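Look at the protein below before reading on.

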Amino acid sequence: MSEAVSLSALRPLRLDVVSVQSQVVYGRVGNNVAVPTLEALAFSVAAVPTVVFSNTPHYPTMHGGALPIEWFDGYLQDLSARGALCALRAVLVGYLGNPRQADALARWARARLTQRADLRIVIDPVMGDYDHGIYVDPCLVDAYRRDLLPLADGLTPNGFELAHLTGRTVNDIESVVIAARTLLTGRTQWVAVTSAAPDTWARDEMQVVLVTRTQAEVIVHPRIEVTPKGTGDLFCATLIGHWLNGADLSEATTQACRHVVRALRHTQQAQCAELLLPMADSHKDRRTTARESVSKFTYRIFPCKQPLPI
């Protein structure tokens with residue numbers, strides 16, 4: 001039997017999630033975080049790199065760069081050609097290398113939506129933060145707005161990115177909610193804003209604001225005094241995983257907050273320069289999570305005054 005015939009007689013690997021974001025040789029960001037997180041939640045994941053770096057840019061040396069567009073587009077097209085996407089449930093989009101990747105990804109995602117209307121697309125519009133400003137090609141801001149945001153079911157920007165996507169000031173919870181609601185158009189049903197309104201944080205706390213078409217929820221979680229890269233990537237992957245596994249958005253967002261806090265505690269205790277992922281099945285970790293869910297996480301839910309039309 002020839003190789004071609006033998007391959008055609010076999011079933012392709014069925015993928016649950018395609019994760020499109022950065023990859024590093026050393027470190028825990030992008031797909032280096034998203035893939036193990038989703039696999040720990042029992043999903044089959046394809047990692048499509050947008051850039052490949054030796055490490056993140058805050059080290060003294062770094063090598064690598066964005067994947068050639070012919071390669072990047074080819075990766076996406078070949079996933080389709082292999083027949084691996086017949087059961088695809090979600091596409092996760094993170095760090096992009098340039099606007100051309102955004103355009104190619106949008107065309108590919110639109111084609112997938114014509115085949116699977118129930119496909120969930122979640123975009124973490126990685127552009128920058130309050131500490132470093134914009135650290136991607138500035139043209140990507142417009143590319144996100146024009147090409148990718150209209151395809152998203154959900155978005156996970158940080159407060160800085162929300163301000164740049166919407167052109168609005170987001171200094172307090174009310175302004176965060178108002179800005180996030182301007183993104184709830186078309187397919188987009190929710191926005192989870194991380195590091196939201198830092199000027200309003202209580203001591204040793206941070207906030208995530210989850211905004212849907214009917215309400216907003218503020219999730220307050222502990223602030224851990226350690227700052228490894230990749231926490232946003234971990235948050236988004238964990239949220240998607242729990243959402244796909246049947247949790248509602250509020251619970252999935254809360255679980256993501258808990259998991260990030262656990263990872264940060266683990267990283268802090270180990271005094272590690274890179275983000276350490278907690279052991280998901282550890283009995284000790286489960287007890288720590290249970291304690292934090294009771295004593296450290298508080299909620300404030302309020303309805304949106306004028307629900308958006310569906």
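Local features need pLDDT of at least 70 and side-chain atom pairs count only at pLDDT 80 or more, while totals for chains, interfaces and linings use all residues; side-chain values use heavy atoms, with hydrogens and water left out.

Q: Over which residues does pLDDT stay under 50?
A: pLDDT is the predictor's confidence in each residue, from 0 to 100. The protein chain averages 88, and 87% of the residues score at least 70. Where pLDDT is low, the predicted coordinates should not be read in detail. The stretch with pLDDT under 50 is residues 293-299.

Q: How many aromatic pairs does the count come to?
A: Rings of Phe, Tyr and Trp (its six-membered ring) pair if their centres lie within 6.5 Å; planes under 30 degrees apart count as stacked, over 60 as edge-to-face and the rest as tilted. By this rule the count comes to two.

Q: Which kind of pair do the rings of Tyr26 and Tyr59 form?
A: A pair of aromatic rings is described by the distance of the centres and the angle of the planes. For Tyr26 and Tyr59 the centres are 5.8 Å apart and the planes are at 65°, so the pair is edge-to-face.

Q: How many residues apart in sequence are the parts that Tyr26 and Tyr59 tie together?
A: Helices (H or I, at least four residues) and strands (E, at least two) are DSSP runs, numbered from the N terminus. Tyr26 lies in the loop between strand S1 (17-24) and H2, and Tyr59 in the loop between S2 and strand S3 (64-66), so the distance in sequence is 33 residues.

Q: Are Trp190 and Trp243 buried or exposed?
A: The rings of Trp190 and Trp243 have centres 5.4 Å apart and planes at 90°, so this pair is edge-to-face. Trp190 is in strand S9 and Trp243 in helix H8 (residues 231-244), 53 residues apart. Buried means under 20% relative accessible area, exposed over 50%, and partly exposed in between (1.4 Å probe, protein chains only). Both Trp190 and Trp243 are buried.

Q: Which residue has its charged end over the ring of Trp243?
A: A charge sits over a ring if NZ of Lys or CZ of Arg is within 6 Å of the ring centre and within 35 degrees of the ring normal. At 4.2 Å from the centre of the Trp243 ring, the charged end belongs to Arg120.

Q: Why is helix H7 largely enclosed by the rest of the structure?
A: Helix H7 spans residues 173-181. Among its buried residues are Ile173, Val176 and Arg181. H7 is largely enclosed because the buried residues number seven of the nine.

Q: Is Asp147 buried or exposed?
A: A salt bridge is a side-chain nitrogen of Lys or Arg within 4 Å of a carboxyl oxygen of Asp or Glu, and the whole structure has eight. In one of them, Arg146 and Asp147 have their closest N and O atoms 3.2 Å apart. Arg146 is exposed, with a relative accessible area of 54%. At 10% relative accessibility, Asp147 is buried.

Q: What is the phi of Ala42 near?
A: Most residues other than glycine have a negative phi, and most peptide bonds are trans. Ala42 is in the loop between helix H2 (31-40) and strand S2 (45-53), and is exposed at 67% relative accessibility. Its phi is positive, near 75°.

Key
Residues are numbered from 1 along each chain as its sequence is written. Contact means heavy atoms within 4.5 Å.
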